[in-house]
Amino acid sequence: MTEKELRKKAMALPLQPGVYIMKNKSKKIIYIGKAKKLKNRVSSYFGSHSNHSLKVIRMVENVDDFDYILCDSEFEALVLECSLIKQHQPKYNILLKDDKGYNYIKITKEEFPRIRECKRVDDDNATYIGPYTSTFSVKQAVEETLRIFKLPRCNKKFPKDFGKSRPCLNGFMNLCSAPCAGRISQEEYAHNVEDAIAFLKGGSVKAVREMQAQMLELSENLQFEEAAKLRDRIKAIKNLDEKQKVVSINVPEEDVFALVNSNKKACFEVIRFEHGKLTDTEFWLIDAVDDLPQARFELIERYYSMRDRIPSRIAVDGEIADEELLKEFLESRREKKVEFIHPQKGEHLSIVNMCINNANEHLAQQQGRLGRELAALEELRDLLGLEKIPEYIESYDISHTFGADNVAGMVVFHNGRPMKSAYKRFSIKGFDGQNDVGSMQEVLTRRFNHYHNDEEGSTFKILPDLILLDGGEPQVNAVLPVIKSMGLDVPVFGMVKDNKHRTRAIALSGGEIEINSHRQVFTLVSSIQEEVHRFAITYHHKKHKKSTLSTSLTKIEGIGDAKAKALLKHFKTVTAIKNAAVDELMKAPNISEKNAQQIFNFYHNL
């Protein structure tokens, strides 16, 4: 049929609820929709396309005919539409592909067994735990288990790969027992795997109870080193439980939905809670949508047509078209009440925001942000003539006020992103006065003393691929001998600013490399320089504020930091404290008559 013929047929439809079924020339169903008034809805497709999205226009271009089914109510039309979409999977409907199968935890059969998640059971003599329906739960359980029991995540084969390379980042950070470096015997490794399997099967409560009993027995037998390992393992499990409490809600069950739209793609994100704890997350990347409320309706409807559990409460990040109709549909399936909430404050809003942030992250990854970061690191490697991509970059900046309260900040960028757990702060101890070059020498000396002397697990034990100093050639020339004297080979460059404090070039011993024409490197280095400056100056301000306070109030006998803060909070300024009488000073919290007299005498030279 032509579009004119299709419109004529649509105008003959009744003004009743129903479902319409669009078909192409091959009589294949390409779209299914519901309508409160069939005539109005279906006829809107054929005629002017000024209000239609590109997706709708493409769908209409492929329509050759349509059928319809009359219903007694819009609710009945919705139920029928849902059933037909699930049955026919039409091309132009907003569909969430239900590719979620069963998940298993696999323990391989080899000299040094590995624990990993998988989608199926193979005939390979491995041990499998499961099945589980939640991909998220399985991945989380495996990741937690590997971290707690310090089992490897890499693809090395043991004992084949013993001693062939240095331990990876996890080994340096003491997150892995590093069998590749021979730090653990096969017997001890096997024992750790047995404990890990027991943890996966029995849960944290049972595991901690058994470990505590075992730790006590080892202590009584004077096996303190083994007892300490169990103590650390118990602490790791308890820390994990505390982290899980952070992402929790005060309701038995709730699903949280967010729909984030971009120019070409949208992300539909779901976070699920049971018994107040986060139990699953899912997301789908779909084509960008034109009508967010209508898209939320269709996506939530589709989601619950794929899932058995419908919770009592559903939190959503925005308006839902025909919310009462969708609520009635879900309640009919659940056979209990369902509540939609649109949080404006409190814990539910924070969970919705977390859902939105996750959706944004998935969109960003889909749109190649991670690829851009890798491209920037590759460009930086080529520009600086490095042997490998600088995955682990350390950057340093000095901050002071006219030579007073000298401090330094160290920030770390891992794979192009800030790694805040590795940030460090230094208070300059070697001298007073303004000497940025001398300060940088002291800081790098102390940093690499930590590298040689710290125990495994410290981030100082990680040797950087690149060091970027906030400063020019003098700073670089000052630091290179320090690193060489310690028997290390780490590339060092400076970050040079223009007169407007914007990143201009990279300094090396003997000159500068202009980076303005290298857009990806410029963006990366600028972000590193801004971050290290922010971190250093924040520490300096904190120290300077404390120093200013200590030069006045805390010099008075009997006045420490707590009383000095109480006085400032009460009087607002040091000048007001100086001008206060003894009886006025006594009105401040925790200030005795003796304290008040000493303060008065101090400021009046008595």
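The charged end of lysine 9 is placed over the ring of phenylalanine 66, 4.6 Å from its centre; a charge sits over a ring if NZ of Lys or CZ of Arg is within 6 Å of the ring centre and within 35 degrees of the ring normal. This is a predicted model, in which local features need pLDDT of at least 70 and side-chain atom pairs count only at pLDDT 80 or more, while totals for chains, interfaces and linings use all residues. Residues are numbered from 1 along each chain as its sequence is written, and side-chain values use heavy atoms, with hydrogens and water left out.

Phenylalanine 66 also belongs to a cluster that ring pairs build from Tyr20, Tyr31, Tyr45, Phe46 and Phe66. Rings of Phe, Tyr and Trp (its six-membered ring) pair if their centres lie within 6.5 Å; planes under 30 degrees apart count as stacked, over 60 as edge-to-face and the rest as tilted. The count by this rule is 19 aromatic pairs. One of them joins phenylalanine 268 and tryptophan 284, with centres 6.3 Å apart and planes at 35°, so this pair is tilted. Phenylalanine 268 lies in strand β8 and tryptophan 284 in strand β9, 16 residues apart. Both residues are buried (buried means under 20% relative accessible area, exposed over 50%, partly exposed in between, with a 1.4 Å probe and protein chains only).

These strands lead to the sheet. Helices (H or I, at least four residues) and strands (E, at least two) are DSSP runs, numbered from the N terminus, and two strands pair if DSSP finds at least two bridges between them. An open sheet of 5 strands has the order β9-β8-β7-β10-β11, with mixed pairing. Its edge strands, β9 (277–287) and β11 (339–341), each pair on one side only. Strand β8 (residues 265–274) pairs with β9 in the antiparallel sense over 10 bridges, and lysine 265 stands opposite aspartate 287 in β9.

Turning to the cysteines, the whole structure contains 0 disulfides, a disulfide being a pair of cysteine sulfur atoms within 2.5 Å. Cysteine 71 counts as buried because its relative accessibility is 5%, whereas cysteine 168, at 36%, counts as partly exposed.
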